[in-house]
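Let's take a friendly walk through a protein chain and the two ligands that come with it. Keep the picture open beside you as you read.

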Amino acid sequence: MQHKIPVDKSPPLTEPMAEAIESCVHCGFCLPTCPTYVVSGEEMHSPRGRIILMKEVLEGDLSLAEATPYIDACLGCLACVTACPSGVEYGELITPFRMETESARERPLAEKALRRLVTETLPYPARFRAAAQTGGVAKPLRPLLPKPLGNMLGMLPEHVPKAQPLPEFFPAVGRKRARVALLAGCAQQVLDPDLNWATLRVLAHNGVEVVIPKAQSCCGALAAHTGVKTQAQAFARNNLGAFPGDVDAIITNAAGCGSGLHEYPLWLKGEPEEDVARAFSSKVKDISVFLAELGIFEPPALPEPLHVAYHDACHLAHAQKVTSEPRALLRQIPGVELLEPVDADLCCGSAGTYSLEHPEMARELGLRKAQSLLDTGAELIVSGNIGCTTQIALQLKIWDGPCRFCTPFSC
Ligand code: SF4
Ligand code: SF4
């Protein structure tokens, strides 16, 4: 697509945006894979429509206010990237666009306050824990609260699990085969503290020693994807300094965080740390990829056969192109029969804070996803992202779904 974006006179992030726009040929192959297009049927709610809107804003032919309802409604699921035959890097357009335009956005006071609350709470485990505990107590007040705040309370668990602080080092069992560093994640430490401990045990059992840097922070994905550029860059800079260089890989066990770490060179484009960020990102691996490459020792057999449906988290399948490794690992567990839901590529509607700001769309997508997973007849649903597990578990509760939910390492 031709454009007249003044790349030379614009911030460094304009370059990847212009490249993504240039490579779009309007073919429309991405439309059927876009969840918001599937639900609404509207061109402006499709990847192609959004690319044109962002192009026009960057060219100065359209006001930001006219484009934002459609841009805001994008989940950032990147299913369009997987579907695109022209290699349009939509993620290198939408995230920089949000980062570069946020300061020019006019938002109602209540919306600003909610965003502030989320970005100042969720990325900090201690604050999030305190907020989740307080929110749990306040749940009965939901009908009296402003709708966005009520939605937020509705997503909190009934009980916040007890904190399980992590050690700074976890040794390998037997012969050491590798040394890695683990990103502990922020919200997941609070919502599912077992997950990191299960990750440590699986790694150790397979001969991997793990460093858990104390100085690490949130990966910054939530800030980046909501357009809070300075916070995203600050988290990225902190983690570049916090993680040791003498490791074989930097491991994540949450798709959203892994995808965020891979984006550090983009967030820091044109900044002094860009090259360091590139070297850092090249070491980042989802745990399923790391273990598949390393080769795992045979897991113990299950006491009885188990039907398992695997849900692809968008930030694993589309953002990191990881689909076969988690399935291969699950198939190595004697007794597991793996089932595939229909519309596996379609987002579950979680997408970071999306479900807070667009609860109707998020609920519609969550219900579709939960239904397709239940239709497999699985007794257990597995996914590699805490956001997806929280979102789908919430929808399954509505049906009183007869199946359990977990991540590949915490069943
Ligand atoms: S990122 Fe997802 S929601 Fe956004 S345009 Fe692409 S497919 Fe649609
Ligand atoms: S599939 Fe790719 S090239 Fe075709 S309209 Fe969508 S983004 Fe553009």
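## Around ligand 1

Three helices, H2 (35–40), H3 (47–59) and H5 (79–83), each supply at least two residues of the shell around ligand 1. Helices here are DSSP runs of H or I with at least four residues, strands are runs of E with at least two, and both are numbered from the N terminus. This is a predicted model, in which local features need pLDDT of at least 70 and side-chain atom pairs count only at pLDDT 80 or more, while totals for chains, interfaces and linings use all residues. Residues are numbered from 1 along each chain as its sequence is written, and chains are lettered from A and ligands numbered from 1 in the order in which they are written.

Which residues come nearest to ligand 1? Of the 14 around it, they are Cys34, Pro47, Cys74, Cys77 and Cys80. A residue counts as near a molecule or strand if its C-beta atom, placed from the backbone, lies within 6 Å of it. By class, this shell has ten nonpolar, three polar and one charged residues. Here Ala, Val, Leu, Ile, Met, Phe, Trp, Tyr, Cys and Pro count as nonpolar, Asp, Glu, Lys and Arg as charged, and the others, Gly among them, as polar.

## Around ligand 2

Ligand 2 is surrounded by 14 residues, and the closest are Cys24, Cys27, Cys30, Arg48 and Cys84. Helices H3 and H5 each supply at least two residues of this shell. Its residues divide into ten nonpolar, three polar and one charged.

## A sheet of five strands

Now find the open sheet, where five strands follow the order S1-S3-S2-S4-S5 with mixed pairing. Two strands pair if DSSP finds at least two bridges between them. At the edges are S1 (169–170) and S5 (284–286), each pairing on one side only. Strand S2 (residues 178–182) pairs with S3 (residues 208–211) in the parallel sense over four bridges, and Val180 has Val210 in S3 as its bridge partner. Strands S2 and S4 are also parallel, with three bridges; there, Ala181 stands opposite Ile250 in S4.

Helix H11 (residues 194–205) lies across S1, S2 and S3, at about 140 degrees to S3. Helix H14 (residues 255–262) packs on the sheet too, touching S4 (249–252) and S5, and its direction makes about 160 degrees with that of S5. Axes are lines fitted to C-alpha atoms, for helices over the stretch in contact, and angles run from 0 to 180 degrees between N-to-C directions. Contact means that the C-beta atoms of two residues, placed from the backbone, lie within 7 Å.

Helix H6 (residues 91–101) is mostly covered, with nine of its eleven residues buried. Among them are Leu93, Ile94 and Phe97.

## The whole chain

In total, the chain has 22 helices and nine strands. Buried residues make up 46% of its 411 residues.

Note on methods. Buried ≥ 20, exposed ≤ 12 C-beta atoms within 10 Å, placed from the backbone.
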